[in-house]
Amino acid sequence: MNRSKQLIISSITLVRIIGIPFIFMISNKYILFLYASILFITDFIDGQLARKWDLCSTKGALLDLIADKLLVLVLFLSASINQQLPYWVFFLIAFREIVSMIMRQIKLSKANKLIKANMIGKSKTALQFIALGMMILQLPYYMVVVYIMLIVSYISFIMYCKEFFKK
(Lines give C-alpha, C1' and ligand atoms only; values in the text may rest on other atoms or scores of the structure.)
Protein backbone atom coordinates (compact mmCIF):
# COMPACT_ATOMS: atom_id res chain seq x y z
CA MET A 1 0.00 0.00 0.00
CA ASN A 2 2.82 2.45 0.86
CA ARG A 3 4.40 1.75 -2.50
CA SER A 4 1.27 2.84 -4.38
CA LYS A 5 0.96 5.95 -2.19
CA GLN A 6 4.62 6.80 -2.85
CA LEU A 7 3.98 6.33 -6.56
CA ILE A 8 1.07 8.81 -6.39
CA ILE A 9 3.25 11.41 -4.65
CA SER A 10 6.14 10.94 -7.08
CA SER A 11 3.78 11.07 -10.06
CA ILE A 12 2.36 14.41 -8.93
CA THR A 13 5.88 15.80 -8.67
CA LEU A 14 6.81 14.39 -12.09
CA VAL A 15 3.68 15.90 -13.65
CA ARG A 16 4.95 19.29 -12.44
CA ILE A 17 8.35 18.68 -14.03
CA ILE A 18 6.87 17.40 -17.31
CA GLY A 19 4.46 20.35 -17.43
CA ILE A 20 7.15 23.01 -17.12
CA PRO A 21 8.26 23.22 -20.80
CA PHE A 22 4.68 23.90 -21.92
CA ILE A 23 4.91 27.29 -20.20
CA PHE A 24 6.75 28.63 -23.26
CA MET A 25 3.85 27.59 -25.52
CA ILE A 26 1.17 29.63 -23.73
CA SER A 27 0.72 33.20 -24.92
CA ASN A 28 -2.55 34.14 -23.20
CA LYS A 29 -1.78 35.62 -19.78
CA TYR A 30 -4.94 34.25 -18.14
CA ILE A 31 -4.35 30.73 -19.40
CA LEU A 32 -0.69 30.97 -18.34
CA PHE A 33 -1.75 32.19 -14.88
CA LEU A 34 -4.19 29.27 -14.53
CA TYR A 35 -1.63 26.77 -15.82
CA ALA A 36 1.14 28.05 -13.53
CA SER A 37 -1.31 28.04 -10.60
CA ILE A 38 -2.14 24.38 -11.25
CA LEU A 39 1.56 23.52 -11.32
CA PHE A 40 2.11 25.42 -8.05
CA ILE A 41 -0.85 23.62 -6.46
CA THR A 42 0.74 20.26 -7.28
CA ASP A 43 3.64 21.34 -5.06
CA PHE A 44 1.24 21.79 -2.17
CA ILE A 45 -0.62 18.53 -2.88
CA ASP A 46 2.43 16.25 -3.06
CA GLY A 47 3.81 17.72 0.16
CA GLN A 48 0.51 17.38 1.99
CA LEU A 49 0.09 13.78 0.87
CA ALA A 50 3.65 12.88 1.86
CA ARG A 51 3.08 14.28 5.35
CA LYS A 52 -0.42 12.81 5.69
CA TRP A 53 0.73 9.35 4.66
CA ASP A 54 4.02 9.70 6.58
CA LEU A 55 6.00 9.05 3.42
CA CYS A 56 8.45 11.93 3.57
CA SER A 57 11.77 10.83 2.13
CA THR A 58 15.03 12.52 1.32
CA LYS A 59 14.79 11.50 -2.35
CA GLY A 60 11.22 12.74 -2.55
CA ALA A 61 12.16 16.03 -0.89
CA LEU A 62 15.02 16.54 -3.38
CA LEU A 63 12.83 15.69 -6.37
CA ASP A 64 10.21 18.14 -5.09
CA LEU A 65 12.90 20.78 -4.58
CA ILE A 66 14.19 20.33 -8.13
CA ALA A 67 10.66 20.55 -9.53
CA ASP A 68 9.99 23.75 -7.56
CA LYS A 69 13.25 25.40 -8.61
CA LEU A 70 12.73 24.48 -12.26
CA LEU A 71 9.20 25.85 -12.26
CA VAL A 72 10.19 29.13 -10.65
CA LEU A 73 13.29 29.59 -12.81
CA VAL A 74 11.46 28.85 -16.05
CA LEU A 75 8.68 31.30 -15.18
CA PHE A 76 11.18 34.04 -14.27
CA LEU A 77 13.21 33.27 -17.41
CA SER A 78 10.05 33.51 -19.50
CA ALA A 79 9.32 36.90 -17.89
CA SER A 80 12.84 38.06 -18.77
CA ILE A 81 12.51 36.86 -22.35
CA ASN A 82 9.20 38.75 -22.57
CA GLN A 83 10.91 41.87 -21.16
CA GLN A 84 8.79 41.92 -18.01
CA LEU A 85 11.81 41.32 -15.80
CA PRO A 86 15.36 42.62 -16.21
CA TYR A 87 17.84 39.84 -16.94
CA TRP A 88 20.03 40.90 -14.01
CA VAL A 89 17.10 40.16 -11.67
CA PHE A 90 16.64 36.75 -13.27
CA PHE A 91 20.35 36.01 -12.81
CA LEU A 92 20.20 36.99 -9.12
CA ILE A 93 17.22 34.70 -8.63
CA ALA A 94 18.82 31.87 -10.61
CA PHE A 95 22.14 32.18 -8.76
CA ARG A 96 20.45 31.97 -5.36
CA GLU A 97 18.20 29.06 -6.33
CA ILE A 98 20.92 26.99 -8.01
CA VAL A 99 23.59 27.57 -5.35
CA SER A 100 21.19 26.81 -2.48
CA MET A 101 20.13 23.59 -4.25
CA ILE A 102 23.78 22.58 -4.72
CA MET A 103 24.52 23.35 -1.06
CA ARG A 104 21.60 21.16 0.01
CA GLN A 105 22.83 18.31 -2.16
CA ILE A 106 26.41 18.58 -0.89
CA LYS A 107 25.28 18.69 2.76
CA LEU A 108 23.08 15.66 2.15
CA SER A 109 25.81 13.62 0.48
CA LYS A 110 28.62 14.62 2.89
CA ALA A 111 26.79 14.81 6.24
CA ASN A 112 23.58 12.90 5.40
CA LYS A 113 21.67 15.99 6.51
CA LEU A 114 19.01 17.77 4.49
CA ILE A 115 18.96 21.54 4.94
CA LYS A 116 15.25 22.18 5.36
CA ALA A 117 13.45 25.35 4.42
CA ASN A 118 12.96 27.76 7.31
CA MET A 119 10.16 30.30 7.69
CA ILE A 120 12.07 32.96 5.77
CA GLY A 121 12.69 30.48 2.94
CA LYS A 122 8.99 29.59 2.88
CA SER A 123 8.15 33.32 2.85
CA LYS A 124 10.51 33.74 -0.12
CA THR A 125 8.67 30.99 -1.96
CA ALA A 126 5.29 32.58 -1.24
CA LEU A 127 6.61 35.94 -2.45
CA GLN A 128 7.93 34.28 -5.61
CA PHE A 129 4.49 32.84 -6.33
CA ILE A 130 2.83 36.21 -5.70
CA ALA A 131 5.38 38.09 -7.83
CA LEU A 132 5.06 35.59 -10.65
CA GLY A 133 1.27 35.75 -10.55
CA MET A 134 1.31 39.54 -10.61
CA MET A 135 3.88 39.51 -13.41
CA ILE A 136 1.93 37.01 -15.53
CA LEU A 137 -1.26 39.04 -15.12
CA GLN A 138 0.71 42.26 -15.72
CA LEU A 139 -0.59 43.84 -12.53
CA PRO A 140 0.86 47.19 -11.48
CA TYR A 141 3.69 47.28 -8.96
CA TYR A 142 4.73 43.66 -9.49
CA MET A 143 8.37 44.82 -9.55
CA VAL A 144 7.98 46.11 -5.97
CA VAL A 145 7.03 42.57 -4.93
CA VAL A 146 9.94 41.19 -6.98
CA TYR A 147 12.41 43.47 -5.17
CA ILE A 148 10.97 42.55 -1.76
CA MET A 149 11.22 38.88 -2.78
CA LEU A 150 14.86 39.39 -3.76
CA ILE A 151 15.68 40.88 -0.35
CA VAL A 152 13.89 38.05 1.51
CA SER A 153 15.51 35.55 -0.86
CA TYR A 154 19.03 36.68 -0.02
CA ILE A 155 18.29 36.85 3.71
CA SER A 156 17.19 33.21 3.55
CA PHE A 157 20.24 32.42 1.38
CA ILE A 158 22.52 33.77 4.11
CA MET A 159 20.74 31.52 6.59
CA TYR A 160 21.23 28.52 4.28
CA CYS A 161 24.92 29.38 4.02
CA LYS A 162 25.23 29.48 7.81
CA GLU A 163 23.54 26.08 8.05
CA PHE A 164 25.70 24.70 5.27
CA PHE A 165 28.97 25.75 6.92
CA LYS A 166 27.86 24.59 10.38
CA LYS A 167 29.79 21.54 11.59
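Tyr 141 is exposed, at 65% relative accessibility. This residue sits in the loop between α5 and α6 and has a positive phi of about 65 degrees, although it is not a glycine. The model is a predicted one. The protein in it has six helices and zero strands, and its radius of gyration is 16 Å, close to the 15 Å that the globule rule gives for 167 residues, so the protein is as compact as a globular protein of that length.

**Overall build**

- Read along the sequence, the pattern of elements is α-α-α-α-α-α.
- The C-alpha trace spans about 45 × 40 × 20 Å along its principal axes.
- Of the 167 residues, 43% are buried.
- Among contacts with a separation of 6 or more, 76% are between residues 24 or more positions apart.
- The protein exposes about 9,800 Å², and carbon and sulfur atoms supply 71% of that area.

**Helix α4 and what covers it**

- Helix α4 covers residues 87-111, which is 25 residues.
- From its first C-alpha to its last, α4 reaches 35 Å, close to the 36 Å expected at 1.5 Å a residue.
- The buried residues of α4 include Val 89, Phe 90, Ile 93, Ala 94, Met 103 and Leu 108.
- Arg 96, Glu 97, Ser 100, Arg 104 and Lys 107 are also among the buried residues of this helix.
- An α-helix has 3.6 residues a turn, so residues three or four places apart point the same way.
- The cover over the buried residues of α4 includes α3 (58-81), α5 (119-136) and α6 (142-165).

**Positive phi angles around the helices**

- Just after α4, Asn 112 takes a positive phi of about 55 degrees.
- Gln 83 has a positive phi of about 60 degrees and is not a glycine.
- Gln 83 is placed in the loop between α3 and α4.
- With a relative accessibility of 74%, Gln 83 counts as exposed, as Tyr 141 does at 65%.

**Salt bridges**

- Side chains of opposite charge can pair when their charged atoms come close.
- The count of salt bridges in the protein comes to nine.
- One of them joins the side chains of Asp 64 and Arg 16, at 2.4 Å from N to O.
- Asp 64 belongs to helix α3 and Arg 16 to helix α1, so this pair ties together parts that are 48 residues apart in sequence.
- Asp 64 has a relative accessible area of 18%, under the 20% limit, and is therefore buried.
- Arg 16 is buried as well, with a relative accessible area of 0%.
- Another salt bridge is formed by Lys 69 and Glu 97, whose closest N and O atoms are 2.4 Å apart.
- Lys 69 lies in helix α3 and Glu 97 in helix α4, so the bridge ties together parts that are 28 residues apart in sequence.
- Both Lys 69 and Glu 97 are buried.
- Lys 113 and Glu 163 also meet through their side chains in a salt bridge, at 2.6 Å from N to O.
- Lys 113 is in the loop between α4 and α5 and Glu 163 is in helix α6, so the pair ties together parts that are 50 residues apart in sequence.
- Lys 113 counts as partly exposed at 36% relative accessibility, and Glu 163 counts as partly exposed at 22%.

**Nonpolar surface patch**

- Leu 14, Ile 18, Phe 22 and Met 25 make a nonpolar surface patch of about 440 Å².
- Ile 18, one of these residues, is found in helix α1, which covers residues 2-19.
- The relative accessible area of Ile 18 is 57%, over the 50% limit, so this residue is exposed.

Definitions and conventions: Residues numbered from 1 in each chain as written. Predicted model: local features only at pLDDT ≥ 70, side-chain atom pairs only at ≥ 80, totals over all residues. Heavy atoms only, no water. Patch = residues over 30% accessible without salt bridge, like charges linked within 9 Å, V, L, I, M, F, W, Y side chains within 5 Å. Areas by Shrake-Rupley, 256 points an atom, 1.4 Å probe, with all protein chains shown as cover. Salt bridge = Lys/Arg side-chain N within 4 Å of Asp/Glu carboxyl O. Helix = DSSP H or I, 4+ residues; strand = E, 2+ residues; numbered from the N terminus. Buried < 20%, exposed > 50% of the residue type's maximum accessible area, 1.4 Å probe, protein only. Expected span 1.5 Å × (residues − 1). Contact = heavy atoms within 4.5 Å. Rg over C-alpha atoms; globule rule 2.2 N^0.38 Å.
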